[in-house]
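This report describes the nonpolar core and the aromatic contacts of one protein model. The sequence and structure come first.

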Amino acid sequence: MTWTVAPESPDSPVAAALWRAYYTEVSDRYYLLHKGHRTDPAELEREIAAHTGSELTPPKGQLLIARYGGEPAGSAGIRLLDADTAELTRVFVHESMRGKGGGGVLVRAAESTARTLGATRVILDTRHDLIEARTLYTHLGYEETPPHNNAVYAEHWFTKPLH
């Protein structure tokens, strides 16, 4: 089986399902680590509804959906912050599809999209407990940097020049 990646509207049913899976996983991981319980369902619904992904639409952004063997398996978003800088966000691969190279395929596709949008570098932030993500970014040539934002859950910041 092979990976394919294509743009998708953030309000499509596929994108909505992947956003729900992504947000549920990262939120539950945070709450289990710091509070000893999963995310409150009402809070989860509020946060999912509040983050529609509208910033991941042309002309300044794009949501990408990865499929493995034709089945939706992951997502990545890219958005321009300024003329030279794009932010990578919402990188997610379903747990059952991990270990098959999808994360790298998604990030490289997002970098290509960032170049198309005119960016010369990509930045991102992530949490300390998302070890797999930090490992992936380092493997793909991202370097850890001082903070570039004050996002509530950001604990590690990365950048990569696009050549």
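Does Y22 count as buried or exposed? The model is a predicted one. At 18% relative accessibility, Y22 counts as buried, because the cut-off for that class is under 20%. W19 is buried as well, with a relative accessible area of 11%.

**Helix α1**

W19 and Y22 both belong to helix α1, where three residues, about one turn of the helix, separate them. The helix has 22 residues and reaches 31 Å from its first C-alpha to its last, close to the 32 Å expected at 1.5 Å a residue. Its buried residues are A15, L18, W19, A21, Y22, Y23, V26, S27, D28, Y30 and Y31. The elements that cover these buried residues include α2, β2, β3 and β4. Just after α1, G36 takes a positive phi of about 80°.

**The nonpolar core**

The largest nonpolar core has 41 residues, and L88, Y137 and Y142 are those with the most contacts inside it. At least two residues of this core come from each of α1 (13–34), α2 (41–50), β2 (61–68), β3 (71–80), β4 (85–93), α3 (102–116), β5 (121–126) and α4 (131–139). The largest share, seven residues, is supplied by α1. Leaving aside residues up to four places away in sequence, Y137 touches L88, V91, V107, L124, Y142 and F158.

**Aromatic pairs**

A pair of aromatic rings is described by the distance of the centres and the angle of the planes. The structure holds eight aromatic pairs; two of them are listed below.

| Pair | Centre to centre | Angle between planes | Class |
|---|---|---|---|
| W19 and Y22 | 5.4 Å | 25° | stacked |
| Y137 and F158 | 6.1 Å | 55° | tilted |

The pair of W19 and Y22 is stacked because the planes of the rings stand at 25°, and the limit for stacking is under 30 degrees. Both rings also belong to one aromatic cluster, formed by W19, Y22, Y23 and F92. R90 lies over the face of W19, at 3.6 Å from the ring centre.

Y137 and F158 are both buried. Y137 lies in helix α4 and F158 in strand β7 (residues 156–161), so this pair ties together parts that are 21 residues apart in sequence.

Notes. Residues numbered from 1 in each chain as written. Predicted model: local features only at pLDDT ≥ 70, side-chain atom pairs only at ≥ 80, totals over all residues. Heavy atoms only, no water. Core = buried A, V, L, I, M, F, W, Y, C linked by side-chain atoms within 4.5 Å. Buried < 20%, exposed > 50% of the residue type's maximum accessible area, 1.4 Å probe, protein only. Helix = DSSP H or I, 4+ residues; strand = E, 2+ residues; numbered from the N terminus. Contact = heavy atoms within 4.5 Å. Expected span 1.5 Å × (residues − 1). Phe/Tyr/Trp six-rings, centres within 6.5 Å; stacked < 30°, edge-to-face > 60°. Lys NZ or Arg CZ within 6 Å of the ring centre and 35° of its normal.
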